[in-house]
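Subject: Handover of a two-chain model

Dear colleague,

I am passing on the structure below, together with some notes on what turned up in it. Please read the notes with the structure open beside them.

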Amino acid sequence: MTPRRHGITWSAARHLLLLAGAAFILLPFIWMVSTASKPQTEIFTTDIHFIPQNLALWENFATAFGKASLWRFLLNGVVVTVSIFALQVLIALPAAYALAKLRFAGREVLFALVLFCILIPPQATAIPVFLLFHQIGILDSYAALVVPFTISAFGIFLMRQFFKTVPDDLIEAARMDGITEFGIVWRVMLPTAIPALTAFGIFSVVAHWNDYFWPLIVLNSEHLRTPPLGVASFRNEEAGTNYGPLMAAAIVIIAPLVIAFLLAQRRFIEGITLTGIK
Amino acid sequence: MAKIELQAIRKTFDSTEILKGIDLAIEDGEFVALIGPSGCGKSTLLRIIAGLEPQSSGEVRIDGAQVDGIRPSARNLAMVFQSYALYPHLSVFDNIAVPLRMRRHSTLARMPLVGRLHPARAATERGIREEVERVAAQLELSGFLKRKPGQLSGGQRQRVAVGRAIVRQPVGFLFDEPLSNLDAKLRVHMRAELAQLHRQLRATFVYVTHDQAEAMTMSSRIAVMIEGHIVQVGTPAEVYDNPQDIRVAEFVGSPKINALPGVIREDGGVEVLGWPLGLSTPAAAGRCSVCVRPERMELSSGPSAISGTVLHLENLGAEAFVHIKVERIEMPLLARISPDRQLPAIGSAIQFGFSTTAVRIFDAAGKRIEVTAAARSERIREKAVG
């Protein structure tokens with residue numbers, strides 16, 4: 001066997017393996033799109049077919065938008081993820097600046113505590129936070145969805161690592177120019193930290209857009225539901241699960257993230273590499 | 001314009017003493033270079049003057065007023081950093097305008113978006129524009145005002161950093177190794193530009209560098225710092241010709257000064273490698289170092305005071321260096337000669353001597369010893385011949 005032929009065989013085998021992997025991962029998505037395109041009668045047939053005989057995609061979308069306030073869920077998702085991210089930045093940037101660039105007693109201890117916080121799973125604190133919110137009476141509100149995530153230990157850690165790489169000279173030049181310490185955070189550090197901030201933004205938005213656990217615990221009212229909760233509401237209808245509209249709604253709620261990912265694909269991968277190195 | 005006075009400045013970082021009592025008075029309009037090997041504390045001292053670093057004890061006075069505890073920006077000094085420290089996201093214009101904007105706009109007017117509605121903003125901004133453009137023209141940056149620092153060459157970035165410093169008309173300028181990131185050719189050019197800028201502005205310049213060529217060519221006085229002390233302050237010529245400490249003699253001058261082991265005899269005469277130098281000193285008898293600059297070494301083909309072998313030759317075109325290995329001296333000695341004469345062959349034996357006026361003598365502790373020519377103040381070469 002010549003090396004060239006060997007190369008082609010290996011290359012083919014490799015691609016076959018990757019294709020199989022990709023198909024396996026894509027299967028649920030394809031099934032989702034397929035189910036969303038089928039009328040109710042076709043969904044419950046025993047044979048497996050991906051292409052529906054009668055296209056019912058529009059009907060299912062119409063039912064989805066008509067039955068539940070999908071627009072409202074999407075809006076809730078935007079309000080919650082954007083508020084969380086904005087508040088996280090507001091808190092993480094000054095904290096990260098102080099941990100990276102200011103000299104004060106106990107800095108290393110504080111940073112160790114921040115690292116320790118990353119280890120605590122959100123589920124562990126869910127019940128105490130729930131009880132606390134019950135006491136102060138903010139359960140079942142936007143605040144209940146946003147407040148627990150405003151301080152992101154991971155965000156502080158990520159930004160601190162990035163700020164460490166910003167030369168001290170730049171900060172001292174800013175001090176000589178008369179910029180205050182908070183001014184340095186917003187006018188000097190923030191613009192230089194855009195790549196790291198984008199990476200953090202992607203993690204934060206994806207995590208909280210898709211979060212099912214916490215909204216499920218703190219929400220009662222239908223009008224506050226975030227997208228994943230909203231989709232789940234299709235399941236609990238008394239008339240039994242209506243899979244066509246359910247899948248159509250699922251397409252709608254993952255669409256923003258998929259579109260955003262396709263648009264910012266390069267940034268996203270950069271962001272992951274960035275966090276990988278540092 | 002200002003006089004900067006330092007009094008008994010000490011600085012300790014985690015139990016390591018970096019500055020061990022610095023006293024220095026920098027006159028109004030003077031160009032003082034702080035030089036010393038890396039780690040000697042010169043940058044720390046500059047940052048203490050700037051207010052970026054608090055001193056552990058001692059006092060900084062600017063124009064007679066104590067400035068300890070006053071914020072860096074309020075000291076009205078400008079600083080140029082080694083890495084230029086330009087704001088990477090701002091254009092050249094905005095970089096130069098930052099100190100003026102921070103000073104002249106109120107906090108409200110500096111706010112993003114809302115600031116634009118502030119009534120006094122437009123007028124102030126016009127004034128700032130004029131001044132930034134004037135400074136840019138002075139530094140030949142007019143064509144680059146819209147560019148970002150990343151699109152500029154090293155020399156241009158350097159000039160933007162200088163522009164940002166001069167635009168606010170500070171009382172003094174602090175330079176922290178501003179040329180060390182430039183290539184050799186540009187460095188020579190910027191050296192001349194900075195010296196000219198100093199003549200033009202007549203402001204007080206404090207210039208930190210480890211490159212003694214910069215210090216020698218630009219400054220009116222040099223302060224040599226070694227291990228946290230200012231060992232000597234003087235004009236470049238004084239520091240070069242009359243070093244008061246062997247560390248100064250060794251640091252200033254490139255290539256390094258030659259140090260030969262010497263002995264002070266009981267009668268005050270000085271000998272090197274057993275040859276009397278024809279110099280006498282009132283200092284106590286004992287070992288000493290006899291130092292001679294490479295350009296004062298005199299090679300001779302005939303018999304002379306000291307003999308050695310040629311170890312290595314470096315011909316730079318305008319000058320040539322002869323490395324000479326002498327027995328009982330560990331480091332090879334260096335002679336700087338003109339290459340238009342016949343260069344000795346590598347490995348050949350060679351004789352050399354030096355005039356008594358070329359000799360600087362330091363005691364065992366490194367302090368300079370004054371010497372007077374003995375009754376017969378001839379060259380030791382002739383002595384040897386005789």
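Predicted model: local features only at pLDDT ≥ 70, side-chain atom pairs only at ≥ 80, totals over all residues.

Residues are numbered from 1 along each chain as its sequence is written, chains are lettered from A and ligands numbered from 1 in the order in which they are written, and side-chain values use heavy atoms, with hydrogens and water left out.

**Where the chains meet**

Taking contact to mean heavy atoms within 4.5 Å, 15 residues of chain A are in contact with 25 residues of chain B. The two chains bury about 1,700 Å² between them, 58% of it on carbon and sulfur atoms; buried area here is the accessible area (1.4 Å probe) that two parts lose on being put together, summed over both. Across this interface the rule finds 4 salt bridges, a salt bridge being a side-chain nitrogen of Lys or Arg within 4 Å of a carboxyl oxygen of Asp or Glu. The side chains of Asp177(A) and Arg164(B) form a salt bridge with an N to O distance of 3.8 Å. On the side of chain A that touches chain B, helix 9 (168-176) and helix 10 (181-192) of chain A each supply at least two residues, and the largest share, 7 residues, comes from helix 9 of chain A. Helices (H or I, at least four residues) and strands (E, at least two) are DSSP runs, numbered from the N terminus.

Two prolines of chain B touch residues of chain A. Pro99(B), found in helix 2 (residues 92-104) of chain B, touches Asp177(A) as well as Arg164(B), Val167(B) and Arg168(B), not counting residues up to four places away in sequence. Pro99(B) is buried, with a relative accessible area of 1%, where buried means under 20% relative accessible area, exposed over 50%, and partly exposed in between (1.4 Å probe, protein chains only). Pro72(B), in the loop between strand 5 and strand 6 (77-80) of chain B, also counts as buried, at 11% relative accessibility. With residues up to four places away in sequence again left out, Pro72(B) touches Arg175(A), Met176(A), Ala50(B), Gly51(B) and Leu52(B).

**Chain B as a whole**

The secondary structure of chain B comes to 10 helices and 22 strands, and its C-alpha atoms fill a box of roughly 90 × 45 × 35 Å, taken along the principal axes. Of the 386 residues in chain B, buried residues make up 51%. Among the contacts in chain B with a separation of 6 or more, 67% are between residues 24 or more positions apart.

Helix 1 (residues 42-50) of chain B is largely enclosed by the rest of the structure, because 8 of its 9 residues are buried; among them are Leu45(B), Leu46(B), Ile48(B) and Ile49(B). This helix is followed by Gly51(B), whose phi is positive, near 95 degrees. The C-alpha atom of Ile48(B) is 9.5 Å from that of Pro72(B), although the two residues are 24 apart along the chain.

**Backbone points to look at**

Most residues other than glycine have a negative phi, and most peptide bonds are trans. Ala8(B), which is not a glycine, has a positive phi of about 45 degrees; Ala8(B) lies in strand 1 (residues 4-13) of chain B and is partly exposed, with a relative accessible area of 36%. Asp63(B) has a positive phi too, near 55 degrees, and is placed in the loop between strand 4 (57-62) and strand 5 (65-66) of chain B. The peptide bond from Ser254(B) to Pro255(B) is cis, with omega near -5 degrees, and Pro255(B) sits in the loop between helix 9 (246-251) and strand 11 (258-264) of chain B.

**A residue on chain A**

Lastly, is Ile30(A) buried or partly exposed? Ile30(A), in helix 1 (residues 3-37) of chain A, is partly exposed, with a relative accessible area of 40%.

With best wishes
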